Amino acid sequence: MKAIDALNEANKIAFSPFVFQTVYTMLELGILEAIHSAKNGISIKEIENKTNVSEYGIRVLCEMAESAQIIEQKTENKYSTTKIGFFIVNDKMTLINLYFTQDVCYNGLYYLKESILNSKPEGLKVFGNWKTIYEGLASLPDKVKKSWFDFDHFYSDNSFDDALKIIFKNKPKKIFDIGGNTGKWSIACTKFNKEVNVTMFDLPGQINVAKKNIEKIKSISNRIEYQKIDLLNPNSKIPEGADVYWMSQFLDCFSEEEIEKILLKIKENMSVNAKIYIMETFIDDQRFKAASHSLIATSLYFTALANGNSKMYSSSVMKYIVNKAGFKCINEHHLKENSFHTILELELKK
Ligand SMILES: C[S@@+](CC[C@H](N)C(=O)[O-])C[C@H]1O[C@@H](n2cnc3c(N)ncnc32)[C@H](O)[C@@H]1O
């Protein structure tokens, strides 16, 4: 890279929050949509008529967006979206990431340095006085909660169909859904198979929400049980009785040491024929640069907001911990298109 280009890149970084807030504001005020939907470009005056935002406001936003190559002037004084602008308006992953960044992370990331220095999610104080975001998840403001769940579900929902086929290959009768959150996976399992029973494990706030969701569905609700549990509590136990232990996007909520302890908790009462399935978006298993970049950035959400000590892991790291805890990875399922996930299938070392 030439020095002049590197200087340009360095200054893009120096002002990157300005660009981010510009994009967010243009989306929220309908400016980006107005530009994107105009076939032959649109002038500032025309945007003003469409959106009721002042000419000054539109001008400063458009100048920033043009400099960041989100919009361009194909005809003088008429703005159109570029390819980057196209994806910001139309790509679901980009929009979900953007609203997660704005609503959940933006204010808390200000405390990243303190979080790193203190190994605590110091940014979480913008929402409440909890040790981890999971303790407060159910009581976050609605807009924040929506962006958190949209983000979480986007990355797990589109893997469920493939995952169900893998998990039900051995016809399990009892599944433990550990870190089941809103109950989506427990619901999916009991709908997929009319005989299976599921016990969902999670913190009290999430169990209460899941229970409400599940009780509405009469055809399955009698096959789902609940266990309120804090897996970080050294006295908590995972009982015996499951054929399958399912953990989706769950172990990334913990440090390497904590993951090992959770696996050992399962091991304590696990039967020899049972299986553990870990579904994760591993950073070293991604086909697209945008996906691995999103995951690497998500690690900093864990640092500054979620718990201060976890991250998105590489599959090699997870397999190392699994092995250390006394399990063998017997299969590694890379899910198909539209999915970012890998499922590690484990059994006890014999
Ligand atoms: C990122 S969500 C994953 C939800 C779901 N399994 C999925 O795939 O979308 C992590 C879940 O782990 C739960 N969790 C986090 N820390 C926990 C703890 N110490 N004990 C029990 N559950 C915990 C959270 O409450 C949350 O529901």
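In which sense, left-handed or right-handed, does H7 pass H16? Let us begin there and then walk through the rest of the chain.

## Two helices that cross

H7 passes H16 in a left-handed crossing; a crossing is left-handed if the near helix is turned anticlockwise from the far one by less than a right angle, and right-handed if clockwise. Contributing to the contact are Asn97, Val104, Cys105, Gly108 and Leu109 from H7, and Ser294, Leu300, Tyr301, Ala304 and Leu305 from H16. Residues are in contact here if their C-beta atoms, placed from the backbone, lie within 7 Å. Seven of these contact residues are nonpolar, three are polar and none is charged. In this scheme Ala, Val, Leu, Ile, Met, Phe, Trp, Tyr, Cys and Pro count as nonpolar, Asp, Glu, Lys and Arg as charged, and the others, Gly among them, as polar.

H7 covers residues 92-109 and H16 covers residues 289-306; they pack at an angle of about 35 degrees with axes 10 Å apart. Axes are lines fitted to C-alpha atoms, for helices over the stretch in contact, and angles run from 0 to 180 degrees between N-to-C directions.

## The model and the whole chain

This is a predicted model, in which local features need pLDDT of at least 70 and side-chain atom pairs count only at pLDDT 80 or more, while totals for chains, interfaces and linings use all residues. Residues are numbered from 1 along each chain as its sequence is written.

The protein chain has 17 helices and nine strands, which are DSSP runs numbered from the N terminus (helices H or I, at least four residues; strands E, at least two). The C-alpha atoms fill a box of roughly 70 × 45 × 40 Å along the principal axes.

## The sheet

Seven strands form an open sheet with mixed pairing, in the order S5-S4-S3-S6-S7-S9-S8. Strands S5 (224-228) and S8 (327-334) are at the edges with a single partner strand each, so one side of each has no neighbour in the sheet. From one strand to the next, the twist averages 20 degrees. Strands pair if DSSP finds at least two bridges between them. S3 and S4 are parallel over five bridges, with Ile175 opposite Val198 in S4. S8 and S9 (residues 342-348) are antiparallel over seven bridges, and Lys328 stands opposite Glu347 in S9.

Four of the five residues of S3 are buried, so this strand is largely enclosed by the rest of the structure. Helix H12 (residues 184-192) lies across S3, S4, S5 and S6, running at about 175 degrees to S4. Helix H17 (residues 315-324) lies across S7, S8 and S9, at about 15 degrees to S9.

## Around Ser159

Ser159 sits in the loop between helices H10 (142-157) and H11 (160-167). This serine is buried, with 23 other C-beta atoms within 10 Å. Leaving aside residues up to four places away in sequence, Ser159 touches Met279, Leu335, Ser339 and His341. The C-alpha atoms of Ser159 and Ile343 are 9.8 Å apart, although 184 residues separate the two along the chain.

## Around the ligand

The ligand has 19 residues around it, and Tyr134, Ser156, Gly179, Asn181 and Ser248 come nearest. A residue is near a molecule if its C-beta atom, placed from the backbone, lies within 6 Å of it. This shell comprises nine nonpolar, seven polar and three charged residues.

Technical notes
Two residues are in contact if their C-beta atoms, placed from the backbone, lie within 7 Å. A residue is buried if 20 or more other C-beta atoms lie within 10 Å of its own, exposed if 12 or fewer, and partly exposed in between; C-beta atoms are placed from the backbone.
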